[in-house]
Amino acid sequence: MSKQFDVLVIGAGPGGYIAAIRAAQLGFSTACIESEAYNDPKGEVRLGGTCLNVGCIPSKALLQSSEHYDNARHGFVMHGITADDVRIDVKTMVKRKDNIVTQLTSGIKGLFKKNKVTLLPGHGKFVGGGEDGWEVDVAGEVVTAKHVIVATGSHPRHLDGVPVDNKLVCDNAGALAFDAVPKRLGVIGAGVIGLELGSVWKRLGAHVTILEALPDFLAAADAAVAKEAWKVFTQKQGLDIRLGANITAVKVGKKSQGMQIRVEYEAGDESHVLECDKLIVSVGRVPNTEGLGCETVGLKLDERGRVAVDEHCRSNLPNVWAVGDVVRGPMLAHKGMEEGVMVAELIAGQAGHCNYDAVPWVIYTHPEIAWVGKTEQQLKSAGIAYRAGQIPFAANGRALGQGDTTGFVKMLADANTDRILGVHIIGTNASELISEAVVAMEFQASSEDIARIVHAHPTLSEVMHETALAVDKRPLHF
Ligand code: FAD
Ligand code: NAD
């Protein structure tokens, strides 16, 4: 007899493993299928998906190491601290990153055991069934379940004619595992990965050139934040970012000829060539739906190849759900996790909730960039009347003490109701500071609410407080 479960999750990334744990907590017999070993030394399947293995966690580990190095070389001088002969051992840095990944991915195996989630290693594929039970093939064995949650995630988009080998020409997986600092690093795509990984290798001494197709920099961010980020990244940090670049060819040559990679591109009416020793291709990600048996059972995809779902992550098929990168919305781990919880709770007949209007974005450059809600451009084009406040970190005692005064907090509130519509931060610890704004938006708070909350002194959070006061044109320290 085939194995039977109440809930079967396909994919053990943040969307999938969280959905599985929550479903098990709610009393369902639950299994989770995962196919990837992610370079596991024993070749065993690893849990945690892109995020833990080749995404959020390893990239943040390298960002931290490279920031320490940069501080030791440049940042601590203002504090009167200098060190001679500061060196970077890339192998140790990468090993530390690998150890963190191993610790966390094994931790999820432990969480599966604790919550009695059955791990089914192998590739999952719908082979039949219907409302009363779906049949999914896993490594040649058919498993049935009343509910299936598709959480198959995404993989990097590659460009035609750009041969990614993850040695010289890399996507995120290769770019997180360099064994030395390249002299000249090329990056295609000035999005989140391009900026984060470009920053890592720039801080470690590479000359980094980023080629971006769009004429605008960080088009998704608030324009004031994008403008400040451009100034800091290009003028202060020396990232060479070239906008409006149309890549025409990438050629991998021989080192003996003095050149490893040659990127040909057009910008304006001119043709250009970028020569580099390593190239990162970070031009977005593609949902994983191939080989899933969607056509066998009639699982509908949307125009971008994602599983088509409603606001509660229900697909067109009864009791088939989908969460995370494989569905509409931002490709962010925390968004996938919230969807996983929501779906498990909906299956249990509970309310289930994911507030898509209050999903924070963070870019872990230095300074960090974080936002939640609408940008000023979005409010203008929607014709929504708003009031804005903006306060620089330079006016904050804690930021001065830390020697980290770049950037600002900007708040946008409805002109009639004062309800907060968006908060945009560029500055140190923006990733942590944004949480206050997320809570405020979740509870539909006004700028006046934030203005009346006691913020500890001296903290960076006081900039949020001052910004709320600035919306009403009554800041106290600026
Ligand atoms: P995934 O994490 O992609 O997991 C899906 C899993 O399903 C994979 O392990 C895959 O092997 C498995 N799978 C697929 N098909 C099958 C099948 N048929 N059978 C069995 N298993 C299958 N997001 C953030 O919020 N913050 C960050 O700081 C951040 N940093 C990032 C940095 C990088 C370099 C990258 C690449 C991404 C980053 N992201 C970040 C995005 C984040 O990693 C994704 O949004 C998140 O991993 C999506 O989770 P998921 O569960 O939907 O899919
Ligand atoms: P992205 O969508 O953030 O950026 C891709 C960039 O490449 C865009 O600016 C796009 O205009 C550009 N581009 C596309 N085609 C191009 C071409 N042919 N030539 C030059 N430029 C081109 O994608 P990404 O950086 O690959 O990251 C993928 C996703 O992973 C992100 O959208 C995000 O959801 C997630 N991620 C999140 C974080 C975070 O939360 N801190 C970090 C990394 C990745």
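Reply: Here we go, starting with a helix pair: helix 1 and helix 4 pack with axes 9 Å apart, at an angle of about 20 degrees. Axes are lines fitted to C-alpha atoms, for helices over the stretch in contact, and angles run from 0 to 180 degrees between N-to-C directions. Helices (H or I, at least four residues) and strands (E, at least two) are DSSP runs, numbered from the N terminus.

Me: What should I keep in mind about the model itself?

Reply: This is a predicted model, where local features need pLDDT of at least 70, side-chain atom pairs count only at pLDDT 80 or more, and totals for chains, interfaces and linings use all residues. Residues are numbered from 1 along each chain as its sequence is written, chains are lettered from A and ligands numbered from 1 in the order in which they are written, and side-chain values use heavy atoms, with hydrogens and water left out.

Me: How does helix 1 sit against helix 9?

Reply: The axes of helix 1 (residues 14–25) and helix 9 (residues 333–347) come within 7 Å, crossing at roughly 30 degrees. That makes this pair roughly parallel too. Tyr17 of helix 1 is among the contact residues here, as is Gly340 of helix 9.

Me: New topic. Which residues touch the most others in the largest nonpolar core?

Reply: Trp201, Leu218, Phe233 and Ile369, out of 38 residues. Such a core is a set of buried Ala, Val, Leu, Ile, Met, Phe, Trp, Tyr and Cys residues joined through side-chain atoms within 4.5 Å. Helix 7 gives the most to this core, with five residues.

Me: What does leucine 218 touch?

Reply: Leaving aside neighbours within four places in sequence, leucine 218 contacts Leu195, Ala226, Ala229, Ile363 and Ile369.

Me: Last one: is glutamate 264 buried or exposed?

Reply: Glutamate 264 counts as buried, because its relative accessibility is 16%; buried means under 20% relative accessible area, exposed over 50%, partly exposed in between (1.4 Å probe, protein chains only). Glutamate 264 lies in strand 13 (residues 261–267).

Terms used. Contact means heavy atoms within 4.5 Å. Angles under 35 degrees count as roughly parallel, over 145 as roughly antiparallel, 65 to 115 as roughly perpendicular and the rest as oblique.
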